[in-house]
Amino acid sequence: PLTRGAGKMSWALLRRPKGMECGMFITHGWAEGVFEFIDKLLCSWPRFTFGAWCCIFANPQNLNIGAMISDPLSSSFAVALRSCSQVMVVPNQQVSIYSRIWCVYEAYLAVEQDIVVFTATPSLYFLLSRRVFVGVGVAALGWLAGAGAAPYLLGPQLDDLIVPSFSIAVGLAVIPQVCAWPRVNLAVDVLGVLISCAAVGIVFTPHVRRDGVALNVVTVYGGYLLAYFV
């Protein structure tokens, strides 16, 4: 709405009427959220790069973009690429940006012109904080599930349950080493944390018989598996 009221110009032109030199071209798939986009962009911004071209801000979004790219080689994307020395690829958590043919074309132009292409990544703090938060939440859920089931398990049943549960968790730990599907690996990790913490939760629940269960072994075993999956 702001650029529409200013004559349907681009946001970049509105902010800098005289323009500026851009040494970097940003390519993305339009599937990411704004916070994901900005986090990866700022975290991966190269030193001594003071200007970048990004279609979100550089193209006049209130005009007919389709007409502007009817000739791809003379489009604003291609012209901007020819003036840049590097291309930042901003991936997203939804789909590969190369499921869009236009992103494939931008990659093709960059390679043809021997432009440096690199992938933006989120900050390590963001990755660790999110994974630790999810891991602790799943671990707590598994512990509560095990503690809730413990009163219904008597001594022999308890003894027969602990070892198989940890054996299943160990088997699950192998899958991410051989599987190339991130979603499958994520599901396996969540399941492994649940099983490990549920088994530990069963053993350490008060007022439950633990005949034949070595608490120190279970503690070390469960802690190791939990750390691995998280």
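This is a predicted model: local features need pLDDT of at least 70, side-chain atom pairs count only at pLDDT 80 or more; totals for chains, interfaces and linings use all residues.
What distance should the 12 residues of helix α7 (residues 101-112) span at 1.5 Å a residue, and how far apart are its end C-alpha atoms? The expected span, taken as 1.5 Å times one less than the number of residues, is 16 Å, and the end C-alpha atoms are 16 Å apart, which agrees.

Residues are numbered from 1 along each chain as its sequence is written, and side-chain values use heavy atoms, with hydrogens and water left out.

The protein has 11 helices and 4 strands, where helices (H or I, at least four residues) and strands (E, at least two) are DSSP runs, numbered from the N terminus. Of its 230 residues, 36% count as buried; buried means under 20% relative accessible area, exposed over 50%, and partly exposed in between, with a 1.4 Å probe and protein chains only. If we take the contacts (heavy atoms within 4.5 Å) with a separation of 6 or more, residues 24 or more positions apart account for 77% of them.

Returning to α7, its buried residues are W102, C103, E106, L109 and A110. Seen down the axis of α7, these buried residues fall within an arc of 120°, so they line one face of the helix; the arc is that of the directions from the helix axis to the C-beta atoms. The face turned away from this buried side carries the exposed residues I101, V111 and E112. The buried residues of α7 pack against β1 (24-28), α6 (76-82), β3 (86-90) and β4 (116-119), and just after the helix D114 takes a positive phi of about 55°.

Rolling a probe the size of a water molecule over the atoms shows where empty space is left. On a 1 Å grid over the protein atoms alone, a cavity is a set of points where a 1.4 Å probe fits but cannot get out, and a pocket is an open set with protein on both sides within 12 Å along at least five of seven lines, while lining residues have an atom within 4 Å of a point.

The count comes to 1 cavity of 30 Å³ or more, and the largest cavity has a volume of about 30 Å³. Its lining consists of T27, V87, V89, Y98, C103, E106, A107, A110 and V117, and α7 gives the most to this lining, with 4 residues.

The second largest pocket has a volume of about 640 Å³. Of the 23 residues that line this pocket, the closest to its centre are A12, M20, C22, A52 and F57. The elements that give two or more residues to the lining are α2 (11-15), α3 (34-43), β2 (52-54) and α4 (55-58), and α2 gives the most, with 4 residues.

Technical notes
Grid points are joined across faces, edges and corners, and a volume is the space filled by probe spheres set on the points.
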